[in-house]
Amino acid sequence: MIICYINADLDSLEYKQREESLQVLFGIFLMEIDIDIVIITERNPTVIRGILTHYQAEIFMINSIKDFPFSPTQISELILFMLKNGCVFQTNEESICFKKENIKDVYPRVFQYFRLMK
């Protein structure tokens, strides 16, 4: 199961454009693989944790880490939750990828990214 996060309202043009780009991306890379993809727009980190647990997500994809409407601490905690539950975290724009073996790197890399953004 792949969970894709889009921080936009369902009826917005931005949502439709990102959804189309995800369909193209997955059409290219996952043509031969039978895997479910769920797109979410939830902005509550607790609810996102519940979604990840419910769907037993293997991969969580987001266009950019800056798309999260959370603080660096909240983002780090959410990523740690994913990794502890066997879910890989991946961004498209920054090419950030965290796997379970990278768990100790989450806080430093997330905070470093936000320092560089300023």
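Predicted model: local features only at pLDDT ≥ 70, side-chain atom pairs only at ≥ 80, totals over all residues.
1. Overall content. The protein chain holds 4 helices and 5 strands. Read along the sequence, these elements follow the pattern β-α-β-α-β-α-β-β-α.

2. Burial and contacts. The protein chain has 118 residues, and 37% of them count as buried. Taking contacts between residues at least 6 apart in sequence, 67% join residues at least 24 apart. The accessible surface of the chain comes to about 7,000 Å², and carbon and sulfur atoms account for 53% of that area.

3. The sheet. The 5 strands form an open sheet in the order E2-E1-E3-E4-E5, and the pairing is mixed. Strands E2 and E5 (97-98) stand at the edges with a single partner strand each, so one side of each has no neighbour in the sheet. As a general point, strands of a sheet pair through backbone hydrogen bonds, either parallel or antiparallel.

4. The E1-E2 pair. Strands E1 and E2 run parallel and are joined by 4 bridges. One of the residues to look at here is Ile2, whose bridge partner in E2 is Ile37.

5. Helices on the sheet. Helix H2 packs on the sheet and touches E1, E2 and E3. The direction of H2 makes about 155° with that of E1. Helix H3 also packs on the sheet, where it touches E3, E4 (88-91) and E5. The direction of H3 makes about 135° with that of E4.

6. The buried face of H2. Which residues of H2 are buried? In this helix, which spans residues 45-55, they are Pro45, Ile48, Ile51 and Leu52. Seen down the axis of H2, the buried residues fall within an arc of 110°, so they line one face of the helix.

7. The ends of H2. At the start of the helix, a side-chain oxygen of Asn44 comes to within 2.8 Å of the backbone nitrogen of Thr46. After the helix comes Gln56, which has a positive phi, near 50°.

Conventions. Residues numbered from 1 in each chain as written. Heavy atoms only, no water. Buried < 20%, exposed > 50% of the residue type's maximum accessible area, 1.4 Å probe, protein only. Helix = DSSP H or I, 4+ residues; strand = E, 2+ residues; numbered from the N terminus. Arc of directions from axis to C-beta. Polar contact = N/O pair within 3.5 Å; in protein donor to acceptor, adjacent residues only side chain to side chain. Pairing = 2+ DSSP bridges. Contact = heavy atoms within 4.5 Å. Axes fitted to C-alpha atoms, helices over the stretch in contact; angles between N-to-C directions. Areas by Shrake-Rupley, 256 points an atom, 1.4 Å probe, with all protein chains shown as cover.
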